[in-house]
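This briefing concerns the arrangement of helices and strands in one model. Please view the sequence and structure before reading the points below.

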Amino acid sequence: MKSDRRDFLKTSSLLASASMIGTGISLPSTDTLVRATKHARMKLSFRPYTLELKHVFTIATSSRTTTPVMLTEIEYDGITAFGEASMPPYLGESHETASAFLSKIDLSKHENPFELETILKDVDAIAPGNPAAKAAVDIALHDLVGRLLNQPWYNVWGFDKQATPYTSFTIGIDTEEVVRQKTREAEEFKILKVKLGRDTDKMMIETIRSVTDKPICVDVNQGWKDRSFALDAIHWLKEKGVVFVEQPMPKESIDDMAWLTERSPLPTFGDESIQGLADVKKAYGVYSGVNIKLMKCGGMREAHKMLMLARSLGMKVMLGCMTETSCAISAASHLSPMVDFADLDGALLISNDAFDGTKIIDGRVTLTDRPGIGVKKIR
Ligand SMILES: [Mg+2]
């Protein structure tokens, strides 16, 4: 087994070297990778961090001004790699739960960081749930592997860096005055995402339409309980230039949702209904598409599998986020060249970002050339 692994490492490193000839990017030598694998050990560490939100954030079910996150690092043979768990309170994870989960992980027993499938399966088996804490390990491990290969993940996955989508900018439920102000502030963005699901839905849309006619997508966060009401609302929204509707009904309302999607003049996306890979299969015939988020599914590896399955089923895909630093946003952004819609504004909603990474430039998700997930720690 050991010699097989060394051979694999030699081969993958040589292939990486061959593909990079002429690009001027220096790669670790074959010897470096093999030596690292034989002697170095991965060490995971983590620290709690609290994101300060620029505006009070209100959705159909809650309001808040901060988001707890856990920042992870994996050290390996002189390299430091970064990850993050974002834990909005309504999802049930916290600094305490993440700390308890991460304390149980011993990465030093794995000799080869490239064995993502084995290592992450091992991490997953420690306890059920904890998707954000698991994502924090998954992201740091992907960052490490990318750094060892000296390649950004969009290259490892074979995605076109230039094919990234525009990101939507989220406008939460608020007063007419604040909604108008936020719409004006979002001038840079080509598409707006509006939170609906309370009795202010029409006011929200009409207020935005009094400022701009750019495309809008809406997220109802399970707020509509009656399917006929939902269908009427979607017809009205289509006339107002809305392009899709996210999680219009409660996640348990599967039959009603299938009924609605069949009749809806706009694509429907499942978000709260969709956690991991198995949910993509269940969403087929119920929603037009799925909203993939690293913090729901446990990280980049599962998200990539979900993306491929959804595509193979002919479903649409959007890529979402929580409020999170540019660490988790950058990790997700490597999938963005393959999705229909991106909602990766999470780092723009906070005032104390701890990383520099993928940026939103003129509304578009803009990937860096850096290896791994492409981040630099700034705080
Ligand atoms: Mg949503």
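In which sense do strand β2 and β3 pair, and over how many bridges? Strand β2 (residues 63-76) and β3 pair in the antiparallel sense, over eight bridges. The model is predicted: local features need pLDDT of at least 70 and side-chain atom pairs count only at pLDDT 80 or more, whereas totals for chains, interfaces and linings use all residues. Residues are numbered from 1 along each chain as its sequence is written.

**Sheet**
- Three strands form an open sheet in the order β1-β2-β3, with antiparallel pairing (strands pair if DSSP finds at least two bridges between them; strands are E runs of at least two residues and helices H or I runs of at least four, numbered from the N terminus).
- β1 (43-58) and β3 (79-86) stand at the edges with a single partner strand each, so one side of each has no neighbour in the sheet.
- L71 has E84 in β3 as its bridge partner.

**Helices on the sheet**
- Helix α3 (residues 95-103) lies across β1, β2 and β3, at about 15° to β2 (axes are lines fitted to C-alpha atoms, for helices over the stretch in contact, and angles run from 0 to 180 degrees between N-to-C directions).

**Helix pair**
- The axes of α4 (residues 116-124) and α5 (residues 131-149) come within 10 Å and cross at roughly 160°.
- α4 and α5 are therefore roughly antiparallel to each other (angles over 145 degrees count as roughly antiparallel, under 35 as roughly parallel, 65 to 115 as roughly perpendicular and the rest as oblique).
- L116, I119, L120, V123 and D124 in α4 meet K134, V137, D138, L141 and V145 in α5 (contact requires C-beta atoms, placed from the backbone, within 7 Å).

Definitions and conventions: Contact = placed C-beta atoms within 7 Å.
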